[in-house]
Amino acid sequence: KSYDPTFAYELAVILREGLARMHDKQENIFYYITVMNENYKHPSISIDSEEGILKGMYLFKEFNNNGKIKIQLLGCGTILREMIAAAEVLSKEYNIDSDVWSVTSFNELRKEAIETERYNLLNPDKKPKKTYIEECLSSTEGPIIAASDYMRLNSDQIRPFTSKAFYSF
C-alpha cells in the first residue's frame, strides 16, 4: 500500500493502520509512505476523515463564496498545500468556488476502482457498485483538477473512473 500524506494527522492514521495490520494481525503487507521535511503548520484532524485517508481521499476544505463556477481540486503530498493556496486565490480574486480534496493515495483509489469494476463485470445480475471515487465526486459540481508531485501519470490514473472533465498536472 502506498501513501503520500500531507499532514501529520494523515500520517498518524496511516501508521496506526499499518502497524495494526502488519504487527497485530500479522498480515503479509508492505506500506510505502512518502513524507517530506518542509516546515509548515499542520491543521487538526477533520471530523470523519480517517476512512477517507485510508481509502485514498477525503474532502479537506470547501471554498464557497457562491461564485458562478465551482471546481474540484485534488492534491497530494506537498502539492496539496499549493492546491489550497490556489483555491484561496480563485475564491478571493476570481469568485470561483472549489472543493479541495486531500488525496493520500492515487494508487489506492485506482486499485479499489479496478476491483469495483471487476466485481460489476462479473456480477451483471446484481446492482452495480460505485467506486469510492464516484462516491466522493459524483454529486459535486464542476471539472476536476488533479495534481501530485510526481509525473502527471500519477494523478491521471484515476481519470477513467470519473465522469467529469478531468485535468491532471
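The dialogue below goes through the strands, a helix, the nonpolar cores and some backbone angles of a predicted model.

Q: What should I keep in mind about the model before reading any feature?
A: The model is predicted, so local features are described only at pLDDT of at least 70 and side-chain atom pairs count only at pLDDT 80 or more, whereas totals for chains, interfaces and linings use all residues. Residues are numbered from 1 along each chain as its sequence is written, and side-chain values use heavy atoms, with hydrogens and water left out.

Q: In what order do the strands of the open sheet lie?
A: Helices (H or I, at least four residues) and strands (E, at least two) are DSSP runs numbered from the N terminus, and two strands pair if DSSP finds at least two bridges between them. Here, five strands form an open sheet in the order β3-β5-β4-β6-β7, with mixed pairing. Its edge strands are β3 (57–63) and β7 (166–168), each of which pairs on one side only. Neighbouring strands of the sheet are turned by 20° against each other on average, direction ignored, where axes are lines fitted to C-alpha atoms, for helices over the stretch in contact, and angles run from 0 to 180 degrees between N-to-C directions.

Q: Which strands does β4 pair with, and which residues are the partners of Gly75?
A: Strand β4 (residues 69–75) runs parallel to β5, to which seven bridges join it, and β4 also pairs in the parallel sense with β6 (residues 144–147) over four bridges. Gly75 has Ser102 as its bridge partner in β5 and stands opposite Ala147 in β6. Further along, β6 and β7 pair in the parallel sense over three bridges, with Phe166 of β7 as the bridge partner of Ile144.

Q: How can the length of helix α1 be checked, and which of its residues are buried?
A: Buried means under 20% relative accessible area, exposed over 50%, and partly exposed in between (1.4 Å probe, protein chains only). In α1 the buried residues are Tyr9, Glu10, Val13, Ile14, Gly18 and Arg21, and they pack against β1 (2–3), β2, α2, β3 and β5, contact meaning heavy atoms within 4.5 Å.

Q: What makes up the largest nonpolar core?
A: A nonpolar core is a set of buried Ala, Val, Leu, Ile, Met, Phe, Trp, Tyr and Cys residues joined through side-chain atoms within 4.5 Å. The largest one has 23 residues, and those with the most contacts inside it are Phe7, Tyr9, Ile53, Phe60, Leu73, Ile84 and Val100. At least two residues come from each of α1, β3, β4, α3 and β5, with α3 giving the largest share, six residues. A second, separate core of 17 residues includes Met57, Tyr132, Ile158 and Phe161.

Q: Where do residues other than glycine take a positive phi?
A: Most residues other than glycine have a negative phi. Asp48, in the loop between β2 (32–33) and α2 (50–55), has a positive phi near 60° and is exposed, with a relative accessible area of 73%. Asn95 lies in the loop between α3 (77–94) and β5 (96–103); its phi is near 55°, and Asn95 is partly exposed at 37% relative accessible area. Just after α1, Gln26 also takes a positive phi, of about 55°.
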